[in-house]
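This report describes the architecture of a two-chain model.

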Amino acid sequence: MTADEAAVRELVSSALRERGEVVADRWVQLQLEQAALGTGISEAELREEADTLVDALGAGLRDDVPVARVVTTHRELRQAVITLSLRRARAGATPTGTSLAVLALKEALLEAVRGYTSDTGELLSAALLINRLLDAAGALSFETYVEGREEIIQRQSRQLLELSTPVVRLWDKVLAVPLIGTLDTARTQVVMENLLEAIQENESRVAIIDITGVPTVDTAVAQHLLQTVNAVRLMGADCVISGIRPPIAQTIAQLGIDLSAILTRATLADALAESLRLTGQSGPRTEGAVLR
Amino acid sequence: MTGRTAGVPILRLGDVLVTGLLNELDDHSATAFTEELTERISADDARGVLIDVSRLELIDSFVARTLMELTTVARLLGARVIVAGMRPAVALTLVELGLQLTGVETALNAEQGMAALGWEQVAHVPGPSAPAALGDPGGSP
């Protein structure tokens with residue numbers, strides 16, 4: 001069996017060596033047919049990928065490693081598969097398109113081997129060997145694809161975090177942070193940092209945290225709010241929390257969260273009025289009920 | 001004075017003592033600072049103390065405790081302590097450490113701290129009747 005396998009391996013290897021060009025051509029052709037799957041990769045790039053992949057595959061087969069482990073142990077082959085998968089992940093290709101890209105090599109390779117032997121048994125062995133070899137590549141490709149997408153998701157959530165916490169100057173010496181979405185530890189950190197920097201920059205006396213857009217307030221969120229208020233106080237400014245909706249007020253009361261140390265107001269307008277009182281400024285009262 | 005001083009100047013402006021903490025504050029000089037300031041509050045009959053911390057890049061638990069102690073001590077002596085000018089990064093660290101400086105009054109900067117202690121900022125334009133400046137030949141007693 002081992003001798004048999006070695007012979008089949010030699011067969012596939014020589015097919016790759018002598019007809020590598022054909023295999024690469026066929027692969028590129030298969031890829032172009034799949035262009036409908038939306039890989040978004042040009043023919044020149046495909047050609048380059050094909051050459052790298054076929055070369056690395058040939059080199060990998062010459063190593064003295066079990067077939068199923070060639071892809072994971074051979075450095076260049078592994079790299080070629082990773083590069084190919086990452087490129088597709090970043091270009092927004094579908095998972096199907098990406099794994100098919102690697103698995104299409106099976107078909108191309110098998111066609112090349114078919115030109116070498118017509119013995120059914122040998123062909124079957126070769127097909128099994130190619131399968132084992134490239135299934136590993138398919139798995140690796142999928143893993144890399146997921147990692148690549150994961151990276152994109154993480155980057156986007158970082159950007160979202162920065163975008164979602166604006167600090168607005170509402171009045172002279174009054175800042176406001178309209179919070180939208182839930183408050184987790186990472187978000188609190190960003191809010192606090194931005195807010196404290198802004199307080200120092202503008203020499204603000206009052207910071208209003210508006211939680212109208214926060215869907216729920218549980219103990220963790222309350223804890224984060226308290227932390228922010230404390231940090232603002234340490235800076236020497238006052239903090240007002242506004243926009244606590246009736247259901248949220250009920251939840252806070254039911255959970256027994258003590259927010260008595262925090263100045264709270266129902267609406268942002270009330271909070272602004274309170275802030276103006278705290279800073280000893282008069283708002284545009286002459287113009288009527290702007291602050292009502 | 002028994003120990004060495006903290007090396008921090010303590011200025012008296014009317015009934016307010018003005019001082020600041022520097023970065024290289026170790027436990028020993030923090031203690032020395034507390035002692036010196038306490039004595040000055042009592043000796044100068046101060047009603048307010050402004051401690052500027054804007055030069056501090058880090059406030060550890062010991063310094064935080066020192067500040068809280070100082071506030072309590074000063075209150076017992078009838079003076080109000082205001083800690084002014086804390087940096088954002090320092091405030092963040094303190095909150096994360098759970099040191100909220102309970103009872104300590106804070107101000108954004110020294111100017112606002114002084115305002116809180118009752119010092120109004122009034123622009124004085126020196127006129128003919130201004131107090132004698134240094135080097136004024138007629139001003140020396």
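Which residues does A207(A) touch, not counting residues up to four places away in sequence? In this predicted model, A207(A) touches L175(A), V177(A), L195(A), I199(A), V232(A), A237(A) and C239(A).

**Nonpolar cores**

A207(A) belongs to the largest nonpolar core, which has 71 residues. The residues with the most contacts inside this core are L195(A), A207(A), I208(A), M235(A) and V49(B). Helix α8 of chain A, residues 219–234, supplies the largest share of the core, namely six residues. A second, separate core has 36 residues, among them A24(A), V71(A), L109(A) and V113(A).

**The two chains**

Chain A contains 10 helices and five strands, whereas the secondary structure of chain B comes to four helices and five strands. Along the sequence, the elements of chain B follow the pattern β-β-α-β-α-β-α-β-α.

| Chain | Residues | Share counted as buried |
|---|---|---|
| Chain A | 292 residues | 37% |
| Chain B | 141 residues | 33% |

In chain A, 75% of the contacts with a separation of 6 or more are accounted for by residues 24 or more positions apart. In chain B, among contacts between residues at least 6 apart in sequence, 76% join residues at least 24 apart.

**Positive phi values in chain A**

Most residues other than glycine have a negative phi. K173(A) is not a glycine, yet its phi is positive, at about 65 degrees. K173(A) is placed in the loop between β1 (168–171) and β2 (174–180) of chain A. Is K173(A) buried or exposed? K173(A) has 21 C-beta neighbours inside 10 Å and therefore counts as buried, the cut-off for a buried residue being 20 or more.

E203(A), likewise a residue other than glycine, has a positive phi near 50 degrees. The loop that holds E203(A) lies between α7 (185–202) and β3 (206–213) of chain A. Because E203(A) has 14 C-beta neighbours inside 10 Å, E203(A) counts as partly exposed.

**Helix packing in chain B**

How do the axes of helix α1 and helix α2 of chain B cross? The axes of α1(B), residues 27–44, and α2(B), residues 61–76, come within 10 Å and cross at roughly 10 degrees. The two helices are therefore roughly parallel to each other, as angles under 35 degrees are counted in that way. The crossing in which α1(B) passes α2(B) is right-handed.

From α1(B), the residues that take part are D27(B), A30(B), T34(B), L37(B), T38(B) and I41(B). They meet F62(B), V63(B), T66(B), E69(B), L70(B), V73(B) and A74(B) in α2(B). By class, this contact has eight nonpolar, three polar and two charged residues.

**The contact between the chains**

How many residues does each chain bring to the contact? Chain A brings 15 residues and chain B brings 14 residues. On the side of chain B that touches chain A, α3 (88–96) and β5 (105–107) of chain B each supply at least two residues. The largest share of that side, five residues, comes from α3(B). The residues on the side of chain B that touches chain A divide into 10 nonpolar, four polar and no charged.

Methods. Residues are numbered from 1 along each chain as its sequence is written. Chains are lettered from A and ligands numbered from 1 in the order in which they are written. This is a predicted model: local features need pLDDT of at least 70, side-chain atom pairs count only at pLDDT 80 or more; totals for chains, interfaces and linings use all residues. Two residues are in contact if their C-beta atoms, placed from the backbone, lie within 7 Å. Ala, Val, Leu, Ile, Met, Phe, Trp, Tyr, Cys and Pro count as nonpolar, Asp, Glu, Lys and Arg as charged, and the others, Gly among them, as polar. Axes are lines fitted to C-alpha atoms, for helices over the stretch in contact, and angles run from 0 to 180 degrees between N-to-C directions. Angles under 35 degrees count as roughly parallel, over 145 as roughly antiparallel, 65 to 115 as roughly perpendicular and the rest as oblique. A crossing is left-handed if the near helix is turned anticlockwise from the far one by less than a right angle, and right-handed if clockwise. A residue is buried if 20 or more other C-beta atoms lie within 10 Å of its own, exposed if 12 or fewer, and partly exposed in between; C-beta atoms are placed from the backbone. A nonpolar core is a set of buried Ala, Val, Leu, Ile, Met, Phe, Trp, Tyr and Cys residues joined through C-beta atoms within 7 Å.
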